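Here's a quick briefing to read alongside the model. Have the sequence and the 3D view open as you go.

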Amino acid sequence: MLNRNYFVPLLLFVTVIIVLQYHNYRLQSEIGNLVKYCKSDSKNGMRETISKPILLNSTYQQNKAFDVLTTDLLQVGGIEYRCRNLKNRGNWYDCNSFPFKVRKPCLVYSFGIDYDFRFDDEMANLGCEVRSFDPSMGNTEKHIRKSGVHFYPIGIGGKSNDAVIPRMDQYTKKHPKKMWKVRTLRQIMESLGHEDRHLDILKIDIESYEWEVLRNILSDNLASRIRQLNIEYYVFNAATRNYVDLLQIYRSLKEAGFLRYACNLYRFDNTTKLLQTECGLINIKFDFNKYP
């Protein structure tokens with residue numbers, strides 16, 4: 001008969017092994033279903049619009065690139081992942097389904113606040129470490145909110161710059177003489193001691209500056225460390241004329257594993273080349289093995 005002193009540790013050990021194997025089975029099954037779902041959508045023509053290359057830089061090709069980009073974002077059935085447990089977190093969404101469920105210890109970065117901390121406070125109330133960033137909020141200094149959210153008056157960009165002169169529009173006209181301090185995502189993570197961590201949610205709402213940020217994140221090989229991405233895609237003629245370039249960034253983001261589970265369209269005008277839509281994305285190429 002097995003000695004009782006050995007039985008309990010052995011039982012715990014076997015239980016842990018079973019739990020880990022089950023977790024891995026669920027993870028592999030879910031990712032497998034995602035890949036199968038994406039291939040099925042592609043065969044049905046749902047994402048055929050982004051498959052053909054657009055290389056030239058003529059006016060025709062620019063207009064074609066805008067059409068392809070917006071068609072993919074606006075088409076019926078354009079949601080690429082069916083999130084089983086969609087949660088409203090203030091003014092943004094969160095896919096709260098396995099294996100993307102946000103759980104402690106969780107880390108959330110939020111770029112673009114404009115004095116609205118609803119999402120940030122919601123995530124902090126879940127027990128997440130939340131860092132919020134916005135250089136456009138006048139004289140608002142670095143501080144910690146009652147919810148525990150840490151705020152920094154800096155922005156995210158494609159490269160480091162201590163004296164960015166922002167584009168003058170409805171979002172910056174309140175403080176027209178103020179220059180912005182911006183850093184890349186990697187530089188910000190390193191400065192906060194997060195260089196070895198992943199982001200459970202990265203929120204980017206920065207009024208068309210998101211395109212250069214996405215390019216930098218992809219080139220800096222940080223995509224696999226982002227579990228979910230909440231982003232406002234903003235295209236308008238005055239600031240984003242190179243639609244071929246935007247389409248290439250958009251395609252690269254898809255290739256890095258990001259799939260839409262929710263989108264809210266605010267504005268679209270094909271004549272003036274205007275698009276504003278907020279989307280939630282999960283990352284099927286997230287490094288689940290390194291960041292369980």
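**Quick tour: a loop arginine, a helix pair and a strand pair**

R225 sits in the loop that links helix 5 to strand 11 (226–235). Bear in mind that this is a predicted model. Start with that arginine, then move on to the helices and strands.

**The loop arginine**
- R225 has a relative accessibility of 11%, under the 20% cut-off, so it counts as buried.
- Leaving out residues up to four places away in sequence, R225 touches R186, M189, H194, E195, D196, R197, H198, L199, F286 and Y291.

**Helix 5 against helix 6**
- Helix 5 (residues 210–219) and helix 6 (residues 243–255) have axes that come within 10 Å and cross at roughly 45°.
- That makes the two helices oblique to each other, and helix 5 passes helix 6 in a left-handed crossing.
- On the helix 5 side, the contact is made by W211, L214, R215 and L218; helix 6 brings D245, L246, I249, Y250, S252 and L253.
- Sorted by class, this contact has seven nonpolar residues, one polar and two charged.

**Strands 3 and 4**
- Strand 3 (residues 107–111) pairs with strand 4 in the parallel sense, over five bridges.
- Within this pairing, look for V108, which stands opposite V130 in strand 4.
- Strand 4 (residues 129–133) has four of its five residues buried, so it is largely enclosed by the rest of the structure.

Technical notes. Residues are numbered from 1 along each chain as its sequence is written. This is a predicted model: local features need pLDDT of at least 70, side-chain atom pairs count only at pLDDT 80 or more; totals for chains, interfaces and linings use all residues. Side-chain values use heavy atoms; hydrogens and water are left out. Axes are lines fitted to C-alpha atoms, for helices over the stretch in contact, and angles run from 0 to 180 degrees between N-to-C directions. Angles under 35 degrees count as roughly parallel, over 145 as roughly antiparallel, 65 to 115 as roughly perpendicular and the rest as oblique. A crossing is left-handed if the near helix is turned anticlockwise from the far one by less than a right angle, and right-handed if clockwise. Contact means heavy atoms within 4.5 Å. Ala, Val, Leu, Ile, Met, Phe, Trp, Tyr, Cys and Pro count as nonpolar, Asp, Glu, Lys and Arg as charged, and the others, Gly among them, as polar. Buried means under 20% relative accessible area, exposed over 50%, partly exposed in between (1.4 Å probe, protein chains only). Two strands pair if DSSP finds at least two bridges between them.
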